[in-house]
Amino acid sequence: MAKNETVRLPQETRQADEEAFLALKAIAGYSPANQTYSLATVTARYDAMRAAEEVELRAQNALDAARDAAIATQWEHHNLILGVKDQVIAQFGADSNEVASLGLKKKSERKAPARSGKAGK
């Protein structure tokens with residue numbers, strides 16, 4: 001038995017299980033003493049596993065689409081805010097309180113560039 005049945009099986013194990021299942025289907029006269037391991041039971045569990053994987057894939061695709069939509073709307077909002085900042089600067093001036101209220105520096109608060117001296121040779 002597996003030690004931790006809450007983690008996904010490795011791909012190699014899933015592939016080996018698939019190959020064993022396909023080989024079991026080809027065995028003529030398979031009739032186990034314990035009916036828990038009958039071909040009908042194994043086939044039903046295989047079909048349930050495949051259905052669960054399909055549901056998971058559809059949910060993952062829906063999650064990916066929702067994430068893409070959220071990212072697109074975030075960027076759309078960000079670009080609009082950048083445009084708003086430009087419009088406030090254009091309407092009220094680069095040294096206005098309205099510019100500061102948007103989180104931008106006023107023109108008068110910017111540090112004047114320092115003059116660089118020539119390096120001596």
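Arg67 comes out as partly exposed in this predicted model, at 40% relative accessibility. Its salt-bridge partner is Asp64, with N and O sitting 2.5 Å apart. Asp64 is partly exposed too, at 25% relative accessibility. Both residues belong to helix α2, and the three-residue spacing between Asp64 and Arg67 amounts to about one turn of that helix.

Elsewhere, salt bridges with shared partners tie Glu18, Arg50 and Glu53 together into one network. Arg50 is the residue that pairs with Glu53 and also with Glu18. For the Arg50–Glu53 bridge, the N-to-O distance is 3.7 Å. Here again the two partners lie in helix α2, three residues apart, or about one turn of the helix.

The bridge from Arg50 to Glu18 has its closest N and O atoms 3.9 Å apart, which still counts because the cut-off is 4 Å. This pair links distant parts of the chain: Arg50 is in helix α2 (residues 39-92), Glu18 is in helix α1 (residues 11-26), and 32 residues separate them.

Across the whole structure, the search turns up five salt bridges, including Asp64–Arg67, Arg50–Glu53 and Arg50–Glu18.

Technical notes:
Residues are numbered from 1 along each chain as its sequence is written. This is a predicted model: local features need pLDDT of at least 70, side-chain atom pairs count only at pLDDT 80 or more; totals for chains, interfaces and linings use all residues. Side-chain values use heavy atoms; hydrogens and water are left out. A salt bridge is a side-chain nitrogen of Lys or Arg within 4 Å of a carboxyl oxygen of Asp or Glu. Helices (H or I, at least four residues) and strands (E, at least two) are DSSP runs, numbered from the N terminus. Buried means under 20% relative accessible area, exposed over 50%, partly exposed in between (1.4 Å probe, protein chains only).
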